Amino acid sequence: MIIDKNCKNIQRLENGIYYIEGNLEVDEDLEINLDGWIKVEGNIEAKGSIISKNTIISGEKIKAEHEIKVEGDIEAEEIEVGYGIKVRGGIQVKRKIKVGDGIKTEEAIEAGSTIEVGGRIYAGGRIESGDRIKAGEGIVARAIVAGGTIKAGYEIQTRGGIRARGGIEAEDGIEAGLSITAKWISSKLRIFAGLAVWKKPSKEDMQINVEEVREGEICFGILNITK
């Protein structure tokens, strides 16, 4: 199904945003072909994929059984996708993000609750979660912050720092451009902090502040056992 400015039940507000009252639900692919943002009062759901040439905003949930591709940003209460998400902008949700495969964004990913992805998470900006971040494969971002644990099936890599209220765990290595702070840290391979190539890191940038190193070799950085 294609949504354009000629569809019934769509209106354009004074600020230029297209608006739909209630839900936008289809039993097929949903293609949004508009020259501005679209805001849906309720859910945006598709049995197939959701594709948009501009930012999409949902007052409730965005759900696609296949994939989501958006040229702008995505904003919603929560997001659930069977396969992957590819976004030219950023993703912001008040609750959780759950994706069967991977996420790729050119800007930040922010979730009030959990971020759970079956594949890889790649963010051109910051990844921030009020609770845990879990990826079946790797996590790559400018910086990573989690209210709970951070867990990756492969590597964890950031240009900036990593901070978790719980633990940080990677099946491969952990690499941070700046400092790492967590309750505990675990890596099957090697751990690096303060590898910034875009500045000369200070001693503060090289700190690894944890109560416990459960597994892994600290190859670069200054380890501080905080308990």
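Me: What should I know about the model before reading it?
Reply: It is predicted, so local features need pLDDT of at least 70, side-chain atom pairs count only at pLDDT 80 or more, and totals for chains, interfaces and linings use all residues. Residues are numbered from 1 along each chain as its sequence is written, and side-chain values use heavy atoms, with hydrogens and water left out.

Me: What counts as a salt bridge, and how many are there?
Reply: A salt bridge is a side-chain nitrogen of Lys or Arg within 4 Å of a carboxyl oxygen of Asp or Glu. Searching the whole structure gives 17 salt bridges.

Me: Which residue pairs with arginine 12?
Reply: Aspartate 35 does, in a salt bridge of 3.4 Å, N to O. Arginine 12 sits in strand 2 (residues 10-12) and aspartate 35 in the loop between strand 5 (30-32) and strand 6 (38-40), so the pair ties together parts that are 23 residues apart in sequence. Strands (E, at least two residues) are DSSP runs, numbered from the N terminus.

Me: Are these two side chains buried or exposed?
Reply: Buried means under 20% relative accessible area, exposed over 50%, and partly exposed in between (1.4 Å probe, protein chains only). Areas come from the Shrake-Rupley method with a 1.4 Å probe; for residues, only the protein chains shown count as cover. Arginine 12 is partly exposed at 43%. Aspartate 35 is exposed at 54%.

Me: Where do the partners glutamate 71 and arginine 88 lie?
Reply: Their closest N and O atoms are 2.6 Å apart in a salt bridge. Glutamate 71 is in the loop between strand 11 (68-70) and strand 12 (74-76), and arginine 88 in the loop between strand 14 (85-87) and strand 15 (91-93), so the pair ties together parts that are 17 residues apart in sequence. Glutamate 71 is partly exposed at 41%. Arginine 88 is partly exposed at 45%.

Me: What does arginine 214 bridge to?
Reply: Glutamate 212, with the closest N and O atoms 3.4 Å apart. Arginine 214 is partly exposed at 48%, and glutamate 212 is partly exposed at 35%.

Me: Which residues do shared partners join into one network?
Reply: Lys61, Glu77, Glu78, Glu80, Lys94 and Arg95.

Me: Which residues gather in a patch of negative charge?
Reply: Patch residues have over 30% relative accessible area and no salt bridge, with like charges joined within 9 Å. Asp and Glu count as negative, and the charge is placed at CG of Asp or CD of Glu. Here the surface patch holds Glu25, Asp27, Glu28, Asp29 and Glu31. Aspartate 27 lies in the loop between strand 4 (24-26) and strand 5. Aspartate 27 is exposed at 69%.

How values were computed. Helices (H or I, at least four residues) and strands (E, at least two) are DSSP runs, numbered from the N terminus. Patches are made of residues with over 30% relative accessible area and no salt bridge: like charges are joined within 9 Å, nonpolar side chains (Val, Leu, Ile, Met, Phe, Trp, Tyr) within 5 Å.
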